[in-house]
Amino acid sequence: SAHWETKGTFVTAVPKPQTIHDFGGFPKALYDVQYPAPGSPELAHETKKTITKTVVGVDEKWGLDHGAWSVIRRMYPEADIPVIEMRLDYSQGPQYHYELGKQLAALRNKGVLIIGSGNLVHNLRMVAWDKMNEPEYGFDWAIQANDKFKQLIQSGNHKELINYAALGREVQMAVPTPDHYLPLLYTLALKEESDTVSFFNDKPVMGSLTMTSVKIG
């Protein structure tokens, strides 16, 4: 999740994770959302054993932040699928996160669904709040960056996606901080040669955000 960062890599091992409303200034309906999905301490400890690139810590306090529940509650509205979160290590660069993602392949092969929750384009400082009710409103640079990302994802050019900072001004504006971009690298790292790639919910919002989602497999 793009909304759980610290130094070091951790996974949640909470049997009944709380629903965390880690945002401010939004409608009350969002604060009323509860997503009581169970956790899985067993999967957390298996993940810890699976990853050898770094020492993975086990967190028994964090719940499900909105980077997690805002996505999975639409997929599993009954909240009957166990969920664990992985924390992003803000002290590491994109290559590290990509390589760490590759080590999750063993879990994917066992049937664990791995979701990288973030945004391809996420620049909150440039949000056009006056365009909130204008469907699919995007600044030119945001649309250009989003299209560039999709082209590189579709062509399998992970090297340039890892080195995104060198992709030009549009991408630098789209990714002013890495937190919402890095989850993408985890999912790309898991792509196998036989996997197909498709896009959905491919829309800009309020000028400087895109909701583009990538499905692999």
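Mentor: The account below begins with the nonpolar packing and then turns to the salt bridges and the backbone. The model is predicted, with local features requiring pLDDT of at least 70 and side-chain atom pairs pLDDT 80 or more, while totals for chains, interfaces and linings use all residues. Numbering starts from 1 along each chain as its sequence is written, and side-chain values use heavy atoms, without hydrogens or water.

The largest nonpolar core comprises 39 residues. Such a core is a set of buried Ala, Val, Leu, Ile, Met, Phe, Trp, Tyr and Cys residues joined through side-chain atoms within 4.5 Å. Buried denotes under 20% relative accessible area, exposed over 50%, and partly exposed in between (1.4 Å probe, protein chains only). Within this core, Phe149, Tyr181 and Leu188 have the most contacts. At least two core residues come from each of helix 2 (41-50), helix 4 (94-102), helix 6, helix 7 (158-162), helix 8 (169-174) and helix 9. Helices (H or I, at least four residues) and strands (E, at least two) are DSSP runs numbered from the N terminus. Apart from this core lies another, of 10 residues, which includes Phe23, Leu64, Trp69 and Ile72.

Leaving aside residues up to four places away in sequence, Phe149 touches Leu120, Leu161, Leu167, Val171, Ala174, Val175 and Tyr181; contact means heavy atoms within 4.5 Å.

Helix 4 and helix 9 also pack directly against each other, at about 40° and with their axes 7 Å apart. Axes are lines fitted to C-alpha atoms, for helices over the stretch in contact, and angles run from 0 to 180 degrees between N-to-C directions. The two helices are therefore oblique to each other, a class left over once angles under 35 degrees (roughly parallel), over 145 (roughly antiparallel) and 65 to 115 (roughly perpendicular) are set aside. From helix 4, Pro94, His97, Tyr98, Leu100, Gly101 and Lys102 take part, and they meet Leu182, Leu185, Tyr186, Leu188 and Ala189 of helix 9.

Turning to charge, the structure holds eight salt bridges, each a side-chain nitrogen of Lys or Arg within 4 Å of a carboxyl oxygen of Asp or Glu. One joins Arg108 to Asp195, with 2.9 Å from N to O. This pair connects distant parts of the chain, 87 residues apart: Arg108 sits in helix 5 (residues 105-109), and Asp195 in the loop between helix 9 (182-189) and strand 5 (197-200). Asp195 is buried at 13% relative accessible area, whereas Arg108 is partly exposed at 24%.

Lys150 is buried at 18%, and Asp147 is partly exposed at 38%. Asp147, Lys150 and Asp202 together form a network of salt bridges. A further bridge pairs Lys28 with Asp32 at 2.9 Å; Lys28 is exposed at 60%, and Asp32 is partly exposed at 47%.

Finally, two residues other than glycine have a positive phi. Ala79, with phi of about 55°, occupies the loop between helix 3 (66-75) and strand 4 (88-89) and is buried at 9%. Asn201, with phi near 55°, lies in the loop between strand 5 and strand 6 (204-205) and is partly exposed at 40%.
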